[in-house]
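Work through the two exercises below with the structure in view. Each task is followed by a solution in steps.

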Amino acid sequence: MNRYTLRGRVRTIQAQKNERDNYEARLRVEAHDEDVQYDDLIGTAFTNTRGFFEITFTDDDFRQDPGETEPAPDLYFRVFRGEELLGRTPTDADFSLVPFTQPFEQPRFFGNLALPNQDPIYRVELFELRAVPLLSESDRPPATPPAEQPVQIVDVLPSLDQIHRTGRMASVSAPASSGGDLQSIVESALGNILGHTQRTDNPKTLVATLTQTFTPRQVDGRTVYDWNPQSVSVRASDLGGGITGAQASLYHRAKTAIQDGIQLLNGLTPLKPSADRENMEATRSIIRTEMQELLAELGARGGPRILRVDNLFQLLLGDDLDSGNQRPDGQLKKLAEYFGLVRGQINTVEEEQNYSNFLTLKDYLQSLRRSWVDYKRTQDSSAGAYIGTQLVRLSQALAVVAESVQEVYRIMELFFLGPEERLSVYIDFTRAAGLESGGFPLPDGTAYLDTAQLRDSMSVEGLLNWVWRFATEEGPLLAKSGGKLGIQVVSETSDRLMVLTQATTYTPIPNAAFRREGVIRAMRDLAYQLYQVRQLAEQVKLPSGDKPDDLDFPPARFTSG
């Protein structure tokens, strides 16, 4: 029996202006074997940011019926976005299980995804098929009796007791709190309220987070603060980033519009005598809650989540963006129906003023939605991302890299690859598999062939400690004090570390613990997190005129002696 690993990609058929638009992440890809009665599900995978997926299956997966002996599956794919079926490919009855490897630029085309009576939009491409023989019970050599030749167990999982005694990693650990149990309680309470567990010894960061977490409003002549729970993605940044640029302008406008709009909403009265009070108050409460959520999202440090804001506007105003129609949709439409807010119900000046307040609330939200659409267009500006917003995202990405290093250490120690052994296990990057043929794959799906970057060797501990110091000390210091030029250095360093970490997983290292699948996967996850840091840093463009290519140094500075 064999185990097969099939690698492919889902992409759009139409040519796009931007190459990144050809792919979509988190699409669910299902591989099926078409049979006479019931089709067999061979495997499932999700696409990454470059559209790649990887499915592993065995001979038993497509020979599930009794007596089935087909040499290869009648393969076809189904692709879903969430629960939505995007289509399926035609059945390939000639599919062969002979291993093949295609260059990434030259895929082996498989088929278009199509639905009945619709033109195909996506297609599935196959790049690689690997096969590894698996020994069945009948093929395994008989076990030798212990009296003649004792069986030596080399690579085993530790017991639960050994895990507790081994503990966390010994090489790198977070500094212990100096405040005792009371300090821990205070830190935990602040973390639960503010939405993060970072230290709160920075006054500016703490005040900025408190201002964002609590929104003041006036009730009967006194100030009441509403708590807006913040998630990890909107916590204050240790790098000094915040709400700047177009987001700051949008947020300040939204703050005024939503606070005034909530006051108008609270003061609305029904024009319809038979109005249902319960439905009125329920709709009013829904709109108030969604408006508060909208303000919190627009003020999120690191930038608002576009899908989240679009959904909030859809709930409030419906799908129609700029129709020019005075009739609202969404929850505002339900509010008008339950309150009877139509001109035909107006009888007095006070009722007309009440109706005018509703129109003002509607205009606030529609105008804010148009500003949001303009804001989304600015995100594709050639000037790059705003540095304040990007510093927050970089802070989060570097923290994830540091956590990934800790995870790698933890997994290595579970397989008894301790600190001293990590210092003695060396990585010869020049022996990385694939350099002589097509290169080894990077986290973005491209092949790496630049052998000049893979010189010399380094210990496993040396590489992981470099990544740790970059994520916790060097990277944050460069980004905080160096501005855009420092972020450019962060991009270059994270790219180098990503290549070295990924190359480690393709380098033959004579150490049984390091070759375990869990260690290899943890190292590749770490490489992917470094790739994410590089992507965020690259979105910050250098100031015009300050690019290294524009600098004109006198030739005398390069002379020797």
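**Exercise 1.** Locate Arg534, decide whether Arg534 is buried or exposed, and list its side-chain polar contacts.

Solution. Step 1: Arg534 lies in helix α12, which spans residues 517–538; helices here are DSSP runs of H or I with at least four residues, numbered from the N terminus. This is a predicted model, in which local features need pLDDT of at least 70, side-chain atom pairs count only at pLDDT 80 or more, and totals for chains, interfaces and linings use all residues. Residues are numbered from 1 along each chain as its sequence is written, and side-chain values use heavy atoms, with hydrogens and water left out.

Step 2: Arg534 counts as buried because its relative accessibility is 11% (buried is under 20% relative accessible area, exposed over 50%, partly exposed in between, with a 1.4 Å probe and protein chains only).

Step 3: The Arg534 side chain makes polar contacts with the side chains of Asp495, at 2.8 Å, and Gln535, at 3.2 Å. A polar contact is a pair of N or O atoms within 3.5 Å; within protein, one must be able to donate a hydrogen and the other to accept it, and residues adjacent in sequence count only if both atoms are side-chain atoms.

**Exercise 2.** Describe the largest nonpolar core.

Solution. Step 1: The largest nonpolar core has 50 residues, and those with the most contacts inside it include Met412 and Leu464 (a core is a set of buried Ala, Val, Leu, Ile, Met, Phe, Trp, Tyr and Cys residues joined through side-chain atoms within 4.5 Å).

Step 2: Helices α9 (387–414), α11 (460–505) and α12 each supply at least two residues of this core. The largest share, 15 residues, comes from α11.
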